[in-house]
Amino acid sequence: RDAADTVQEFAVPGNAVADDGYVAIGFMNPPSNNTTLMFDLQEGFNLLFKAGSFSGNFARASAVMLAGLVFLAALGIALSTFLSMPVAALICFAVFFMGTINGFIIDSFDAMGDKVSMVYNFGVKPILWLLPRFDGDWNPCGYIISAELLGPAFMMHVAGSLAVKAFALFLAAVAVFNRRELAKVSI
């Protein structure tokens, strides 16, 4: 009766979940039943249970987005040590845009041949590592929409990655700023 590739929900009693979160599930299509359920073994299926509130999850998603904005602010400050404000702002906008399509860029290079792959591994990949990731699994909006919990491990992973990249930008800004000549006003 249901269309293919639709989400099916089954109620599971709460006492079926152990205190540590472990659940054993057996899956079988009995021949006497006219209903057949199929799912892709690589994708598997999701077992969702209540683990928190929307407001707490929304606050964690906002904190992850704030970490991305902190990285962009650190980038702007680092660029302002040797560029003018309009150029630094333009580069920040470009980095934000590339961060939102970072997963697409990485996937497009993976699909190319071996010759381009060598250029990618030694030239482009280190630059892409410095860019923030605001898409795919790093985007907290997907977790909010699907009502999945943003755990502390996810937050620490994203915030730690952005903190390391921001610290690298800080070191580069200090190195550039220390080599600049400063003028002294003389009357």
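**Figure 1. Overview of the protein chain.** The protein chain exposes about 14400 Å², of which carbon and sulfur atoms supply 66%; accessible areas follow the Shrake-Rupley method with a 1.4 Å probe, and for residues only the protein chains shown count as cover. The model is predicted: local features need pLDDT of at least 70 and side-chain atom pairs pLDDT 80 or more, whereas totals for chains, interfaces and linings use all residues. Residues are numbered from 1 along each chain as its sequence is written, and side-chain values use heavy atoms, without hydrogens and water. Of the 187 residues, 21% are buried (buried: under 20% relative accessible area; exposed: over 50%; partly exposed: in between; 1.4 Å probe, protein chains only).

**Figure 2. Helix H1, residues 54-79****.** The 26 residues of H1 should span 38 Å at 1.5 Å a residue, and the end C-alpha atoms are 38 Å apart, which agrees; the expected span is 1.5 Å times one less than the number of residues. Among the buried residues of H1 are Val 64, Phe 71, Leu 72 and Leu 75.

**Figure 3. The aromatic pair of Phe 96 and Phe 134****.** The structure holds four aromatic pairs (rings of Phe, Tyr and Trp, the last by its six-membered ring, with centres within 6.5 Å; planes under 30 degrees apart are stacked, over 60 edge-to-face, the rest tilted). In one of them, the ring centres of Phe 96 and Phe 134 lie 5.6 Å apart with planes at 45 degrees, so the pair is tilted. Phe 96 belongs to helix H2 (residues 85-100), and Phe 134 to the loop between helix H4 (114-130) and helix H5 (140-145), 38 residues apart. Phe 96 is partly exposed at 40% relative accessible area, while Phe 134 is buried at 17%.

**Figure 4. The salt bridge and Lys 165****.** The one salt bridge of the structure joins the side chains of Arg 133 and Asp 135 at 3.8 Å, N to O (a side-chain nitrogen of Lys or Arg within 4 Å of a carboxyl oxygen of Asp or Glu). Arg 133 is partly exposed at 26%, and Asp 135 is buried at 12%. Lys 165, in helix H6 (residues 152-178), is buried yet has no salt bridge; the nearest side chain of opposite charge, Asp 135, is 9.7 Å away (Lys and Arg count as positive, Asp and Glu as negative; His and the chain ends are not counted). Leaving aside residues up to four places away in sequence, Lys 165 touches Phe 71, Trp 129, Leu 130, Leu 131 and Pro 132 (contact: heavy atoms within 4.5 Å).

Key. Helices (H or I, at least four residues) and strands (E, at least two) are DSSP runs, numbered from the N terminus.
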